Amino acid sequence: MQLNYLVTGCGRSGTVFMARLLTSLGIKCSHEMIFDYRGIDYAILRMSGKEPLQLSWVSRAKYNDGKWEEHNPWLDNLEEVIAESSYMVAPFLGEDCIKNAKVIHVVRDPIKVVNSYCNYIEFYKNSIAENSYEDFVYSHIPELKQDMPQYDRAVLFWIRWNQMIERKTPHYFHRIEEDVSGVMSFLGVDGLPFNDKTINTFKKPVKDIFSIEKINSKLLRNEFIEMGRKYGYSMKSNQVMFI
């Protein structure tokens with residue numbers, strides 16, 4: 001298997017949407033089918049046909065009325081995939097098995113990303129990883145193992161993960177809130193694009209809502225604001241609604 005395109009960013013930033021967008025435009029794109037928390041060695045096994053191919057569970061499920069429901073697979077003929085969308089490919093950009101792939105760096109309003117991580121899927125609560133995804137992230141950003149509040153840890157993750165991608169000089173930058181015409185032009189395709197940006201959205205009651213004022217570290221707060229504004233976001237906390 002050869003991957004011609006890679007979509008990556010910080011998690012909770014629209015990688016499921018981007019996989020479905022590219023697929024709708026004739027570029028069959030999987031979501032976390034090749035690159036997941038098992039890392040580069042497992043990805044190579046999948047690309048070489050030595051491990052089975054399967055779309056991520058999150059791209060095959062829909063959150064409805066307080067529970068997850070599996071819906072019909074949106075991509076068939078997995079062997080024909082030529083693109084992968086996964087935040088977990090970020091540490092491996094430039095590796096030999098994907099060195100020729102064009103990289104799309106996707107971002108989303110960072111306030112909403114942190115709110116999603118902390119208040120909806122409840123990640124980054126502790127300095128010790130509580131699941132395989134956190135363990136993967138902590139292994140690539142050891143700073144997250146330090147003692148700090150949950151919001152600070154999620155903010156630090158968002159900053160460092162995007163910086164990791166930037167260092168690899170991606171070929172195209174896309175804000176998920178923007179029209180997809182730029183992505184289509186970059187890909188050199190036309191057609192009727194998938195346009196449901198509510199895909200993989202959680203709508204459930206939460207006890208708290210993230211705001212910039214709740215970041216404990218002043219240094220992190222300033223870095224978070226600066227980077228968010230560089231990406232074109234106003235960094236105003238009152239924008240948070242559903243994730």
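**View 1. Glu178 and Arg175 pair up.** In this predicted model, the side chains of Glu178 and Arg175 meet in a salt bridge, with N and O 3.1 Å apart. Glu178 is partly exposed, at 35% relative accessibility, while Arg175 is buried at 17%.

**View 2. Asp208 meets Lys214.** Here the closest N and O atoms of the salt bridge are 2.6 Å apart. Both ends are partly exposed: Asp208 has a relative accessibility of 28%, and Lys214 comes in at 36%. A search of the whole structure turns up nine salt bridges.

**View 3. Arg160 reaches Glu223.** This salt bridge has its closest N and O atoms 3.1 Å apart. Arg160 sits in helix H5 and Glu223 in helix H7 (residues 218-230), so the pair ties together parts 63 residues apart in sequence. Glu223 is partly exposed, at 25% relative accessibility.

**View 4. Helix H5 from end to end.** After the helix comes Thr169, with a positive phi near 50°.

**View 5. H4 crosses H5.** The axes of H4 (residues 132-140) and H5 come within 11 Å and cross at roughly 65°, and the crossing is left-handed. H4 brings Phe136, Val137, Tyr138 and His140 to the contact, and H5 brings Arg153, Phe157, Trp161 and Met164. That makes six nonpolar residues, one polar and one charged.

Notes
Residues numbered from 1 in each chain as written. Predicted model: local features only at pLDDT ≥ 70, side-chain atom pairs only at ≥ 80, totals over all residues. Heavy atoms only, no water. Helix = DSSP H or I, 4+ residues; strand = E, 2+ residues; numbered from the N terminus. Axes fitted to C-alpha atoms, helices over the stretch in contact; angles between N-to-C directions. Left-handed = near helix turned anticlockwise from the far one by under 90°. Contact = heavy atoms within 4.5 Å. Nonpolar A, V, L, I, M, F, W, Y, C, P; charged D, E, K, R; others polar. Salt bridge = Lys/Arg side-chain N within 4 Å of Asp/Glu carboxyl O. Buried < 20%, exposed > 50% of the residue type's maximum accessible area, 1.4 Å probe, protein only.
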